Amino acid sequence: MKSLRSRFERFCFRNRNKGIPHLMAWVVLLNVVVYIVNIMDPSQILYLALRFDRAAILRGEVWRLFSFAFLELSGERLIWAAIAALFYFQLGEAVENSWGALRFNLYYLTGILCLDVAGMIWGIWVSPATLHMTLFLAYATMFPDTQFLIFFIIPVKARWLGILDLAMYLVQLLTISAFPYNLMPLFALANYFLYFGKDFLNIFPVSWRANASRLGRRSKSRRAKTIPFPTAGSYQATTTRPEAPYTHRCTVCGRTNLTDPDLEFRYCSKCNGYYCYCMDHINNHVHIQ
């Protein structure tokens with residue numbers, strides 16, 4: 001699985017300029033158009049034609065599998081709709097600039113498909129808000145130290161908003177009375193973890209991760225078993241040459257120029273020290289201070 005993910009990341013990096021550039025700009029633009037049309041048309045014909053509807057999809061209206069993503073602003077007041085449109089545009093542009101157009105396109109597409117699976121299984125209404133909140137999770141994981149001004153006054157780092165987002169997902173999941181709507185976050189988070197894997201730990205403070213790893217080492221030492229000393233004659237000579245020391249090693253994922261010869265490495269000037277990162281993590285890591 002690790003090898004497959006490494007190949008996927010290299011493929012996306014080599015083809016980073018392929019796909020639809022500025023995808024989030026187009027998504028936001030279509031959301032704004034639908035929002036304006038819905039205001040001008042009280043009958044909400046366009047909204048009803050674009051929302052997710054399993055029965056209509058099975059009748060052949062397959063565009064509903066994707067068009068529900070353009071209903072994020074529907075029902076919002078003008079000021080909140082404008083703020084949300086600007087917010088999602090900036091998030092999408094930042095993630096795309098770091099990943100490249102191809103990988104961001106795939107992330108958004110597979111996020112839609114995950115929600116489609118949930119909607120088709122239970123025949124429930126699919127909200128684009130769940131999709132776009134995982135977009136914020138991606139941003140918070142890649143840029144955890146970015147500050148947002150809550151109510152334009154209170155500075156809060158993206159990591160804390162991302163952790164709050166995860167907590168809200170957990171609360172929704174435990175709300176049994178809302179079944180099966182409470183299971184929707186599982187499908188959205190499945191797409192998030194598919195792309196980030198263990199890198200999602202970047203969203204947590206370094207001290208939290210250090211304490212967790214320390215506890216893990218303690219538990220392993222407590223479970224350690226006594227290894228008997230080998231008896232005479234149990235040793236075997238070997239002529240295998242030891243592996244040459246690597247030149248570059250990514251601080252985040254541990255890959256080296258020996259395990260991935262085609263991977264490029266860079267050193268971060270913002271970290272306090274001489275820390276090396278692969279091209280997948282040079283713009284996606286917590287700066288070490």
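Is His22 buried, partly exposed or exposed, and what is its relative accessible area? His22 is partly exposed, with a relative accessible area of 43%, where buried means under 20%, exposed over 50% and partly exposed in between (1.4 Å probe, protein chains only). The model is predicted: local features need pLDDT of at least 70, side-chain atom pairs count only at pLDDT 80 or more, and totals for chains, interfaces and linings use all residues. Residues are numbered from 1 along each chain as its sequence is written, and side-chain values use heavy atoms, with hydrogens and water left out. Helices (H or I, at least four residues) and strands (E, at least two) are DSSP runs numbered from the N terminus.

**Loop residues with positive phi**

- His22 sits in the loop between helix H1 (2-14) and helix H2 (23-40). Its phi is positive, about 55°, although His22 is not a glycine.
- Gln44 is found in the loop between H2 and helix H3 (45-50). Gln44 is not a glycine either, yet has a positive phi of about 60°.
- Gln44 is partly exposed, with a relative accessible area of 27%.

**Helix pair H7 and H8**

- Helix H7 (residues 101-122) and helix H8 (residues 128-142) have axes that come within 10 Å and cross at roughly 140°. That makes H7 oblique to H8; angles under 35 degrees count as roughly parallel, over 145 as roughly antiparallel, 65 to 115 as roughly perpendicular and the rest as oblique.
- The axes are lines fitted to C-alpha atoms, for helices over the stretch in contact, with angles from 0 to 180 degrees between N-to-C directions.
- The crossing of H7 past H8 is right-handed, that is, the near helix is turned clockwise from the far one by less than a right angle.

- Strand E1 (residues 147-150) runs antiparallel to strand E2 (residues 154-157), and 4 bridges join them; strands pair if DSSP finds at least two bridges between them.
- Gln147 stands opposite Lys157 in E2.
- The hairpin has 3 residues between E1 and E2. Phe151, in the turn, has a positive phi of about 55°.

**Helix H10**

- The 13 residues of helix H10 (residues 184-196) should span 18 Å at 1.5 Å a residue, and the end C-alpha atoms are 19 Å apart, which agrees. The expected span is 1.5 Å times one less than the number of residues.
- Buried residues in H10 are Met184, Pro185, Ala188, Leu189, Asn191, Tyr192, Tyr195 and Phe196. Seen down the axis of H10, they fall within an arc of 150°, so they line one face of the helix; the arc is that of the directions from the helix axis to the C-beta atoms.
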